Amino acid sequence: MSTTRRARWSMLAALAGVIAAGAFLATAELTALIVARGASPLEAVGAFVIDIVPQPLKELAISTFGDADKAVLLASLALAALIGAAIAGVLELFRPPFGAVLFAIVTVAAGAALVTRAAAGPLDALPAATGGVAAIGLLRLLAGALRRWRRGTAVPAPGNDARAVPGPDAPSLAGRRTFLRLALIGTAAAVVIGAGSRVIAGATASIAAIREALRLPAPRSRVTIPAGAELDVPGISPLFTPNADFYRVDTALTVPQVDPATWRLVIDGMVDRRVEFTFEDLLARGLDEYAVTLTCVSNEVGGGLVGNALWQGVPVRDLLKMAGPSADADMVLSRSVDGFTASTPLEALTDDGLDAILAVSMNGEPLPLEHGFPVRMVVPGLYGYVSATKWVTRLTVTRFDRDEAYWTPRGYSAEAPIKMSSRIDTPRVDTPVDAGTIAIAGMAWAQPIGVGRVEVRIDDGDWQKAALSAPVGTDTWVQWMLPWEASAGIHNLTVRAYDLNGEQQTEERAPIAPDGSSGWQRSLVTVR
Ligand SMILES: Nc1nc2c(c(=O)[nH]1)N[C@H]1C(S)=C(S)[C@@H](COP(=O)(O)O)O[C@H]1N2
Ligand SMILES: [Mo]
């Protein structure tokens with residue numbers, strides 16, 4: 001084969017390598033955005049190189065390039081990657097599967113760079129893994145198509161009929177078409193996905209920075225935590241759930257990025273006048289603090305989709321009053337910036353005895369982005385999907401017979417008060433305990449009435465009254481505890497609660513749909 005022909009095929013193969021590398025980066029960035037926030041291979045590899053470059057070289061770079069040293073580093077890295085990718089492409093065409101092997105090595109190296117960073121978890125290797133799979137897959141396809149294309153245009157060996165013009169045969173044409181199509185689609189997809197992911201990641205970083213810098217005014221009132229509000233029992237849930245441990249449930253694929261400077265709350269619909277508030281307007285009204293336990297309708301008996309926090313915000317009723325809801329309205333449809341909606345009974349938001357709020361702070365800090373920054377609703381006693389709209393931006397006063405919320409046509413009730421429930425935190429089903437005196441303990445909630453009593457039954461014994469923590473309020477859960485002289489064997493524990501009206505938690509089992517699970521939690525524990 002002539003050197004020029006070989007050079008031409010090499011150029012195409014190199015292009016295939018570069019496109020595959022693009023697919024690697026784009027897929028990795030997208031994965032990082034969705035599952036492993038902050039695990040951008042581009043940044044990790046950059047940081048890794050900065051770490052391994054010897055100090056004298058770093059100093060030389062800084063003295064030579066000054067402030068541009070990072071840019072020069074990134075440009076050198078990009079160039080090296082480009083050359084490496086091109087080589088992989090050529091290898092894959094002429095010496096398969098060595099191009100794919102080269103990509104596999106880079107994938108493993110990038111994964112290692114990602115998981116060995118400080119505070120990284122095993123999930124952080126995922127972007128490299130998905131990137132590697134996409135790149136190797138595309139490279140193999142491109143190289144295969146190229147080979148088919150090339151075979152059909154091969155120059156006949158000397159001695160053959162020299163007059164027979166070597167023209168492309170049918171498989172060759174198909175190979176060419178496949179190669180060009182794959183190359184085009186691969187490039188376009190990589191550019192769109194890669195650039196899109198970077199833009200979103202960039203926006204995320206900046207809203208996170210805005211939140212970080214935000215200083216909320218001190219609240220006018222604070223929740224008083226009574227003595228004895230928190231029991232000292234190993235293995236029990238803390239009274240207040242740390243933000244990092246708070247369950248998260250929403251329909252958002254990526255966390256909405258809302259700048260408080262441009263955020264607006266509109267109240268419209270069946271009102272005397274449409275009103276609009278800025279974030280500053282809300283803060284200027286003065287913040288009050290509330291302790292409210294949030295519960296998800298998807299929480300199974302004994303489950304973890306429930307958490308308790310201190311929220312600071314303003315009562316929804318005050319804002320609604322300014323708009324003047326019409327007398328025949330009975331619902332408020334709250335809407336998030338991402339289109340999610342919740343239907344809340346109007347009276348749950350206007351009742352003077354019920355603290356429905358627009359919250360800006362959670363456990364003493366601005367709402368975390370994933371919990372609704374900058375503003376969300378919190379309504380005591382109603383499941384999250386009918387009340388706790390995160391990233392809220394609009395409250396439309398309406399009627400249940402006119403409007404429907406996100407979950408209503410999807411099998412859940414339009415109205416859903418939280419069902420009274422109790423949960424055993426310790427001992428756990430999966431963790432055997434030693435015989436002797438141990439504490440059976442957990443949580444119970446009956447928002448907004450409050451828990452009056454919790455009872456525990458061991459095996460087929462009598463119901464025993466558990467000790468309760470001093471309640472912070474009627475909208476929060478309480479902790480309960482029962483000391484137990486545990487003997488070796490397998491035991492059956494059951495828990496049930498009563499609210500302050502004397503109502504007993506129902507024994508009747510119900511699934512989460514359409515309006516929340518019910519039933520007593522029964523738990524088998526092993527005592528050694
Ligand atoms: N914008 C928006 N808000 C939402 C949801 C959602 O999907 N989107 N889910 C709701 C549901 S079902 C629950 S249980 C709570 C959960 O709030 P958390 O994620 O802060 O715990 O948010 C509610 N608010
Ligand atoms: Mo939920």
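In the predicted model, strand β5 (residues 331–336) is joined to strand β6 by five bridges, and the two strands run antiparallel; strands here are DSSP runs of E with at least two residues, helices are runs of H or I with at least four, and both are numbered from the N terminus. Two strands are taken to pair if DSSP finds at least two bridges between them. Within this pairing, Leu333 stands opposite Ser343 in β6, and in the hairpin of β5 and β6, which has four residues between the strands, Gly339 takes a positive phi near 95°. Strand β6 (residues 341–345) is mostly covered, with five of its five residues buried, where buried means under 20% relative accessible area, exposed over 50% and partly exposed in between, for a 1.4 Å probe and protein chains only. In a regular strand the side chains alternate between the two faces of the sheet. In β6, Thr341, Ser343 and Pro345 point one way while Ala342 and Thr344 point the other way, and all are buried.

Because the model is predicted, local features need pLDDT of at least 70 and side-chain atom pairs count only at pLDDT 80 or more, whereas totals for chains, interfaces and linings use all residues. Residues are numbered from 1 along each chain as its sequence is written, chains are lettered from A and ligands numbered from 1 in the order in which they are written, and side-chain values use heavy atoms, with hydrogens and water left out.

Strand β4 (residues 306–315) has 10 of its 10 residues buried, so the strand is largely enclosed by the rest of the structure. With strand β3 (residues 288–295), β4 pairs in the antiparallel sense over eight bridges, and Tyr290 stands opposite Trp311 in β4. With strand β7 (residues 357–362), β4 pairs in the antiparallel sense over five bridges, Leu358 in β7 being the bridge partner of Val314. Gln312, found in strand β4, counts as buried at 6% relative accessibility. Apart from residues up to four places away in sequence, Gln312 touches several residues, including Pro219, Arg222, Leu287 and Leu358, contact meaning heavy atoms within 4.5 Å.

Pro368 lies in the loop between β8 and β9 (376–378) and is buried, with a relative accessible area of 8%. Its C-alpha atom is separated by 7.6 Å from that of Asn243, although the two residues are 125 residues apart along the chain. Leaving aside neighbours within four places in sequence, Pro368 is in contact with Arg211, Asn243, Met362 and Phe373.

Arg211 is also one of the buried residues of helix α7, among them Phe179 and Ile207. What covers these buried residues includes α1 (3–34), α6 (126–152) and β8 (365–366). At 1.5 Å a residue, the 44 residues of α7 (residues 170–213) should span 64 Å, and the end C-alpha atoms are 64 Å apart, which agrees; the expected span is 1.5 Å times one less than the number of residues.

Helix α5 (residues 98–115) packs with α6 at an angle of about 170°, their axes being 9 Å apart. That makes α5 roughly antiparallel to α6, since angles under 35 degrees count as roughly parallel, over 145 as roughly antiparallel, 65 to 115 as roughly perpendicular and the rest as oblique. Axes are lines fitted to C-alpha atoms, for helices over the stretch in contact, and angles run from 0 to 180 degrees between N-to-C directions.
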